[in-house]
Amino acid sequence: MTEIAPPDTVRAVLADLRAVDGALYAAVAATPTPTLDRALRLLSAAADHSKISLAVAGALALAGGRARRAAIAGAGAIGIASVSANLLGKRLVRRRRPDREAARVVVARHVPMPSSASFPSGHMASAVAFATAVGVVLPPAAVPLGILASAVGYSRVHTGVHYPGDVAAGAVLGLAAAVTSLAATEALPPRRNSPHAGGNNPAPHRT
C-alpha cells in the first residue's frame with residue numbers, strides 16, 4: 001500500500017520549491033542584459049491577448065489546406081489555455097505577483113504589472129498551446145513557433161511579472177490545451193474541396 005507523505009513534509013517541499021523559484025527570479029533580475037531588455041519588453045507586450053499567435057493563425061488560415069486546419073487547432077488551443085489559466089488556475093491558486101521593485105528589476109524591462117494572480121502564466125499557456133497544436137498539424141512550423149513560445153515565456157520572467165514556476169506551469173497547461181484542441185479538431189469533418197481532405201476530387205456542383 002502506497003504511503004501518503006505527511007502534510008508537514010508536503011509543506012516543506014513546497015516551501016523549498018518556492019525558495020528555488022524566488023532565487024531564479026532574483027538571479028534573472030540581477031543579471032544585466034541591456035541589449036536584450038528592450039527586445040524582450042516589446043515581445044512580452046506584443047504577446048498580450050495572444051496577438052502574435054492569432055496573427056500567425058490568420059496567415060495560416062489564408063493559406064488554406066493543412067495550414068488552415070493547423071490554424072483552427074491553434075486558435076482552439078489558445079481559447080482552451082486562456083480559459084483554463086485565467087478562469088481556473090489563477091482563481092484557484094491566487095499567487096501574488098513578484099515584488100519587482102524589491103528585486104530591483106531595471107525600469108528598462110518594465111511592462112505594466114497585471115492585476116491578476118501570478119500562477120500560472122497565461123501568456124506561456126497560450127503560446128505553448130498554439131505552438132504545439134500548430135506544430136503537430138503542420139510540422140515545419142513546430143520549431144520556429146516553439147522558439148517563439150519559449151522566448152515569450154522567458155520574457156515574462158525577464159520583465160518581472162512572473163516567477164519561473166508560473167511559466168513552467170503555464171507550459172504544462174498549454175500542452176494539455178493543445179492535446180484537447182487537437183482531439184476536437186480531429187473530430188471535425190474534412191472539407192470536401194481541400195486537397196488534403198482525403199482525395200483530390202472536388203465536391204460535386206449542385207444546381
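1. Contact here means heavy atoms within 4.5 Å. This is a predicted model, where local features need pLDDT of at least 70 and side-chain atom pairs count only at pLDDT 80 or more, while totals for chains, interfaces and linings use all residues. Residues are numbered from 1 along each chain as its sequence is written, and side-chain values use heavy atoms, with hydrogens and water left out.

2. On the fold, the chain has seven helices and zero strands, so the order from the N terminus is simply α-α-α-α-α-α-α. Helices (H or I, at least four residues) and strands (E, at least two) are DSSP runs, numbered from the N terminus.

3. For the surface, 38% of the 207 residues count as buried; that means under 20% relative accessible area, with exposed being over 50% and partly exposed in between (1.4 Å probe, protein chains only). The accessible surface of the chain is about 12000 Å², and carbon and sulfur atoms own 65% of that. Areas come from the Shrake-Rupley method with a 1.4 Å probe, and for residues only the protein chains shown count as cover.

4. Have a look at α2 (residues 34-46). With 13 residues at 1.5 Å a residue, α2 should span 18 Å, and the 19 Å between its end C-alpha atoms agrees; the expected span is 1.5 Å times one less than the number of residues. Buried in α2 are D37, L40, L43 and S44. They take up an arc of only 145 degrees around the axis, which puts them on the same side of α2; the arc is that of the directions from the helix axis to the C-beta atoms. An α-helix has 3.6 residues a turn, so residues three or four places apart point the same way. T35 and R38, on the other side of α2, are exposed. The cover over the buried residues of α2 includes α3 (51-63), α5 (122-137) and α6 (142-158).

5. Which side chain meets D37 in a salt bridge? R109 does, at 3.0 Å, N to O. D37 sits in helix α2 and R109 in the loop between α4 and α5, so this pair ties together parts 72 residues apart in sequence. Both D37 and R109 are buried. The structure holds four salt bridges, a salt bridge being a side-chain nitrogen of Lys or Arg within 4 Å of a carboxyl oxygen of Asp or Glu.

6. R95 is worth a click too. R95 forms a salt bridge with D21, with the closest N and O atoms 3.0 Å apart. R95 belongs to the loop between α4 and α5 and D21 to helix α1, 74 residues apart. D166 also forms a salt bridge with R95, here with the closest N and O atoms 2.8 Å apart. D166 is in helix α7 (residues 164-186), so that pair ties together parts 71 residues apart in sequence. D166 and R95 are buried. Through shared partners, salt bridges join D21, R95 and D166 into one network.

7. D21 itself counts as buried, at 8% relative accessibility. Beyond its neighbours within four places in sequence, D21 is in contact with R95, Y163, P164, G165 and D166.

8. S50, in the loop between α2 and α3, is buried at 11% relative accessibility. Not counting residues up to four places away in sequence, S50 touches I78 and S126.
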